[in-house]
Amino acid sequence: MEELTIQRIPFTKDADNKLRSLKARTGITPNILCRIGFCMSLELPTEPNDVSEAEKGREINRFTLFGEYESCFLAMLAIWKKKKGSTCSLDELLIRHMNRGATSIAQSIHLFK
């Protein structure tokens, strides 16, 4: 079974700015926002876009992002990959879903403003 090898999750500058703004507005820490956004991204029917060429923001340690729930989130990602038939590695999918999730949650919270 494929495993994650990445330890630090890179965010684009845009996703990082959205997370910082949401933290300031809601008081919710970026790791919790990322967990919610990650789940929102998994609900979308399409594969997230590649973000490797985007301007780099901060990186967040994988353990900080998931904490004790890492195995649950990684199981959801593995199931999503199998269901969608994605050819991307789990590392790449995690990065893509985290970045799309940050944008998704920012858009959702903006709607409630």
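Predicted model: local features only at pLDDT ≥ 70, side-chain atom pairs only at ≥ 80, totals over all residues.
## Basis

Residue numbers start from 1 along each chain as its sequence is written. Local features need pLDDT of at least 70 and side-chain atom pairs pLDDT 80 or more, while totals for chains, interfaces and linings use all residues, and side-chain values use heavy atoms, without hydrogens and water.

## Helix α1

Helix α1 covers residues 13-26. Helices here are DSSP runs (H or I, at least four residues), numbered from the N terminus. At 1.5 Å a residue, its 14 residues should span 20 Å, and the end C-alpha atoms are 20 Å apart, which agrees. The expected span is 1.5 Å times one less than the number of residues.

A15, D16, L19 and L22 are the buried residues of α1. Buried means under 20% relative accessible area (1.4 Å probe, protein chains only). These residues cover an arc of only 125° around the axis, so they sit on the same side of α1. The arc is taken from the directions from the helix axis to the C-beta atoms. Just after α1, G27 has a positive phi of about 80°.

## The largest pocket

The largest pocket holds about 180 Å³ of space. Its lining includes C39, L42, W80 and K83. α4 (70-84) and α2 (30-43) each supply at least two lining residues. α4 gives the most, with 5.

A pocket is an open set of points on a 1 Å grid over the protein atoms alone, where a 1.4 Å probe fits, with protein on both sides within 12 Å along at least five of seven lines; lining residues have an atom within 4 Å of a point. Its volume is the space filled by probe spheres set on the points, which are joined across faces, edges and corners.

## N31

N31 lies in helix α2. N31 is buried, at 18% relative accessible area. Beyond its neighbours within four places in sequence, N31 is in contact (heavy atoms within 4.5 Å) with T64 and L65.

Conventions. Buried < 20%, exposed > 50% of the residue type's maximum accessible area, 1.4 Å probe, protein only.
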